Amino acid sequence: MKKIEKGRQFVTEHLTLFRCLVCDQPYDHLNENSLVCVNGHQIDLNKRGSLVFLNHAVNTEYDDKMLAARRRVLAAGLFDGIIDAVGRALPDTPQTLLDVGTGEGTPLMRLLERRQVGDTAVGFDISKAGINLATQLTTDAFFTVADLAQLPFNDQSFDSVIEFFSPSAYREFNRVAKPNGHLVKVIPASGYLKELREMLYPTTSENHTYDNTRVRELFAAHYPDMTSEHVTYSWTIPMDLWVDLLHMTPLHWGARPEAQAAAEQKQLTQVTVDVLVLSTNINKNI
């Protein structure tokens with residue numbers, strides 16, 4: 001099946017998930033490869049079987065090279081312990097899942113492979129490069145380009161919303177989640193990739209260490225009944241993925257060029273994964 005045919009099949013079967021960003025009304029039918037809303041506005045599936053809900057260009061440092069490096073490292077298993085924890089935080093019944101800031105899609109794909117319960121999954125990202133890579137994966141998930149601040153989904157459409165290191169828009173999450181739906185958010189803890197931080201930044205730099213207090217407290221302010229699981233492990237770095245690991249995270253963006261060059265010559269054998277997995281039942285009365 002061609003990608004556009006697969007995308008058309010998904011949208012046909014799950015048309016009720018999507019809403020028009022022009023008038024905020026549901027799409028009510030598919031005309032060949034075009035979704036059409038009740039007021040006649042339409043959006044077309046592209047040849048990758050994806051939808052692009054942005055009408056403006058977005059500059060992002062997540063370019064093709066960085067995303068490809070990220071794909072190789074995540075395919076080698078860097079996030080597998082995190083993905084397992086996210087799976088534990090979700091119900092073991094089939095979910096309609098929304099993956100926020102899905103990037104190149106590997107975490108969502110691997111989560112679905114582990115669950116094997118018949119989830120319906122949508123991953124979105126503001127990065128067209130990321131979504132283009134995601135559509136190359138062998139998965140039943142549907143991928144789309146969208147803005148976190150204005151989600152192209154109907155109210156109360158998703159059983160669960162998940163985030164792997166993504167920014168949040170809690171008002172939108174509350175809107176698109178079903179009553180008592182689940183929200184699972186992964187945030188770095190102080191030890192996350194600490195070896196890279198210490199290698200790339202001097203002790204005088206604010207990037208030499210990390211504190212997630214503000215992010216954690218904001219989540220708790222929105223969802224006082226939240227729970228938190230601390231997940232930490234040491235990951236053995238494949239010999240051929242050291243440079244990819246350095247370049248797959250935003251950590252290298254602010255590092256001095258000479259620090260980046262020096263780090264590439266000092267390959268480590270292991271790196272620390274250290275995160276908090278925050279979860280809650282979304283209550284519409286909050």
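Before anything else, a note to myself on terms: the domain bounds I use come from an automatic or database domain assignment, and a residue lines a pocket when it has an atom within 4 Å of a pocket point. I am working on a predicted model.

**Entry 1: domains**

I looked up how the chain is divided. The assignment gives domain 1 as 1–50 and domain 2 as 53–190 + 209–230 + 274–282. Taken over C-alpha atoms, I get 22 Å between the two domain centres. To their contact, domain 1 gives 18 residues and domain 2 gives 24.

**Entry 2: second largest pocket**

Next I asked which domains supply the lining of the second largest pocket. Domain 1 and domain 2 each supply at least three residues to that lining. The pocket holds about 550 Å³ of space. I count 29 lining residues, and those closest to the centre are Lys6, Thr139, Asp140, Ala141 and Phe142. Helix 1 (3–13), helix 4 (106–115), strand 6 and strand 7 (142–145) each give two or more residues to this lining. Helix 1 gives the most, with six. By class I find ten nonpolar, eleven polar and eight charged residues.

**Entry 3: largest pocket**

I then moved to the largest pocket, which has about 1200 Å³ of space. It is lined by 44 residues, with Tyr62, Phe165, Ser166, Pro167 and Pro250 the closest to its centre. Among the elements giving two or more residues to the lining are helix 2 (64–75), strand 5 (96–100) and helix 8 (213–222). Strand 9 gives the most, with four residues. The lining sorts into 24 nonpolar, eleven polar and nine charged residues.

**Entry 4: the four-residue binding site in the record**

I checked UniProt; its unreviewed entry puts a "binding site" annotation on Phe79, Glu104, Gly105 and Tyr192. Of these, Phe79, Glu104 and Tyr192 are in the lining of the largest pocket.

Gly105 sits in the loop between strand 5 and helix 4. Is Gly105 buried or exposed? It has a relative accessible area of 0%, so I put Gly105 down as buried. Setting aside neighbours within four places in sequence, I find Gly105 in contact with Ala134, Leu137 and Phe143.

Tyr192 is in the loop between strand 9 and helix 7 (194–200). Its relative accessible area is 10%, so Tyr192 is buried too. Not counting residues up to four places away in sequence, Tyr192 touches Phe79, Phe165, Arg197, Thr272, Val273, Asp274 and Val275.

Cys37 is in strand 2 (residues 34–37), while His41 is in the loop between strand 2 and strand 3 (42–44). Cys37 has a relative accessible area of 3%, which is under the 20% cut-off, so it is buried. His41 comes out partly exposed, at 29%.

For His41 I noted Cys20, Val22, Cys23, Tyr27, Leu35 and Val36.

**Entry 5: the annotated methyltransferase span**

In the unreviewed UniProt entry, "domain: Methyltransferase" covers residues 96–201. I find 29% helix and 32% strand in that span, and its end C-alpha atoms lie 41 Å apart.

Which residues of helix 3 (residues 80–89) are buried? I have Asp80, Ile82, Ile83, Ala85 and Val86. Their cover includes helix 4, strand 8 (158–164), strand 9, strand 10 (227–236) and strand 11 (270–281).

Last, I looked up His252, in the loop between helix 9 (242–247) and helix 10 (257–264). His252 has 12% relative accessibility, so it counts as buried. Apart from neighbours within four places in sequence, its contacts are Met66, Leu200, Tyr201, Leu246, His247 and Gln260.

Methods: Residues numbered from 1 in each chain as written. Predicted model: local features only at pLDDT ≥ 70, side-chain atom pairs only at ≥ 80, totals over all residues. Heavy atoms only, no water. 1 Å grid on protein atoms, 1.4 Å probe; cavity = no way out; pocket = protein on both sides within 12 Å on 5 of 7 lines; lining within 4 Å. Points joined across faces, edges and corners; volume = space filled by probe spheres on them. Nonpolar A, V, L, I, M, F, W, Y, C, P; charged D, E, K, R; others polar. Buried < 20%, exposed > 50% of the residue type's maximum accessible area, 1.4 Å probe, protein only. Contact = heavy atoms within 4.5 Å. UniProt positions renumbered as here; feature names shortened; annotations may be inferred.
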